[in-house]
Amino acid sequence: MLETQLEELRRATLAAFASANSLEDLEGARVEALGRKGSLARITKEFGRLAPDERARLGKLLNSVKQDLETEYDAKERRFEETALAERLANEWIDVTLPAPGVHPGSLHPVTQLQQEIEDLFTSMGFAVLEGPEVETEEHNFDALNIPSTHPARDMQDTIWLTSGHLLRTHTSPVQVRGMRKLGPPFRMIAPGRVFRNEEVDASHEHTFHQLEGMMVDREVSVANLIYFMKTLLSSIFKREVTIRLRPGYFPFVEPGFELDIHCLICDGVGCAVCKYSGWVEQLGCGLVHPNVLRMSNIDPEEWSGFAFGLGLTRLVMMRYGIDDVRQLLSGDLRFLTQF
Ligand code: FA5
């Protein structure tokens with residue numbers, strides 16, 4: 001009797017496995033036959049009533065039925081999985097050119113953007129772009145610029161000195177010295193870069209900021225040449241009328257020297273923290289290269305003359321985008337940076 005039930009269970013379950021059209025059907029047939037409350041478990045309960053001999057004989061049969069069903073179940077399950085995978089591979093495709101979800105492409109820092117624009121402008125006018133080291137020698141940063149150690153002008157820029165005797169450059173002007181020695185006259189060069197000062201930080205003063213140096217050495221260079229290039233620079237950057245004023249300025253490496261201010265574009269000249277309520281923001285220092293400076297870099301001032309300027313790139317970015325606090329530029333705050 002139990003023997004017949006076992007044989008019937010094997011036949012019926014194998015048939016149910018064979019006709020199953022989905023994993024769910026297959027699993028249903030398995031639970032019905034092999035589950036905890038399934039047919040096989042029910043038959044097993046009957047074994048208690050059997051004589052030992054009979055129990056041993058039917059026990060073997062029960063194991064073989066169980067094994068057959070499990071083997072067939074595994075094989076059929078694998079076939080379903082293989083078919084599902086093949087279907088997925090046939091239908092699925094990936095566009096590898098799509099940007100990854102959730103990843104935002106970076107953008108250039110506004111200082112870098114303006115720097116590149118000015119580089120393009122000046123290279124189109126025959127200027128070379130030079131770089132100098134941020135850790136400088138005293139000679140390049142001061143002495144060769146006509147600022148010997150006893151000179152009071154050294155106090156104009158609060159210097160960060162290193163224990164090695166080197167310093168963090170306080171301006172990009174040391175690249176003038178490198179340019180004169182490397183290129184020799186006649187030449188035109190610009191040099192953008194980071195500079196460092198032991199400065200009291202406020203809305204318009206950072207301890208680390210960007211400048212852009214410019215220098216032209218040729219025969220008979222005059223203030224008129226300097227003004228031409230400064231006007232070309234400012235009209236190219238602002239693409240609108242900006243009011244400028246030129247004041248006499250003292251820098252030991254130029255003579256005459258000037259400071260160029262622009263009418264504050266943050267407050268339109270009314271007065272704000274950036275322009276210190278004066279309506280004007282100092283943008284750059286400039287002038288005609290001092291004969292001593294030319295001489296110290298082996299250029300004969302009787303034969304050659306030049307102009308130089310040092311632009312506050314950071315301040316120019318502030319004017320251009322209406323940024324009212326210089327500290328935002330180095331903050332690394334993405335809420336600020338993603339606007340550019
Ligand atoms: C100089 O650094 C001179 N080397 C400029 C120069 C070059 C003059 C060549 C003549 C010939 P000054 O210290 O004024 O000068 O700085 C130049 C510009 O850098 C300033 O006009 C201003 O726009 C900017 N600047 C100065 N200090 C800071 C600061 N702490 N934070 C942001 N910008 C500053």
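**Close-up views of the pockets, the ligand and the backbone**

**View 1. The second largest pocket holds about 180 Å³ of space.** A pocket here is an open set of points on a 1 Å grid over the protein atoms alone, where a 1.4 Å probe fits and protein lies on both sides within 12 Å along at least five of seven lines; lining residues have an atom within 4 Å of a point. The volume is the space filled by probe spheres set on the points, which are joined across faces, edges and corners. This is a predicted model, in which local features need pLDDT of at least 70 and side-chain atom pairs count only at pLDDT 80 or more, while totals for chains, interfaces and linings use all residues. Residues are numbered from 1 along each chain as its sequence is written, and side-chain values use heavy atoms, with hydrogens and water left out. Lining this pocket are His104, Pro105, Gly106, Ser107, Leu108, His109 and Pro110, together with Leu334, Leu337 and Thr338. Five of the lining residues are nonpolar, five are polar and none is charged; Asp, Glu, Lys and Arg count as charged, Ala, Val, Leu, Ile, Met, Phe, Trp, Tyr, Cys and Pro as nonpolar, and the others, Gly among them, as polar.

**View 2. The largest pocket contains about 780 Å³ of space.** It is lined by 43 residues, and those closest to its centre are Arg197, Gln211, Glu259, Glu282 and Arg315. Two or more lining residues come from each of β6, β7 (244-248), β8 (254-263), β9, β10 and α10 (313-321); helices (H or I, at least four residues) and strands (E, at least two) are DSSP runs, numbered from the N terminus. Strand β9 gives the most to this lining, with seven residues. By class, the lining has 16 nonpolar, 14 polar and 13 charged residues.

**View 3. The ligand sits in the largest pocket.** To sit there, more than half of its atoms must lie within 2 Å of the pocket's grid points. The shell around the ligand draws two or more residues from each of β6 (208-218), β9 (280-289) and β10 (305-312). Here too, look to β9, which gives the most to the shell, with five residues. Altogether 25 residues surround the ligand, with His171, Ser173, Arg197, Glu199 and Glu206 the closest; a residue counts if one of its heavy atoms lies within 4 Å. Eight shell residues are nonpolar, eleven polar and six charged.

View 4. The protein covers 96% of the 670 Å² of accessible area that the ligand has on its own, as given by the Shrake-Rupley method with a 1.4 Å probe.

View 5. Most residues other than glycine have a negative phi, and most peptide bonds are trans.
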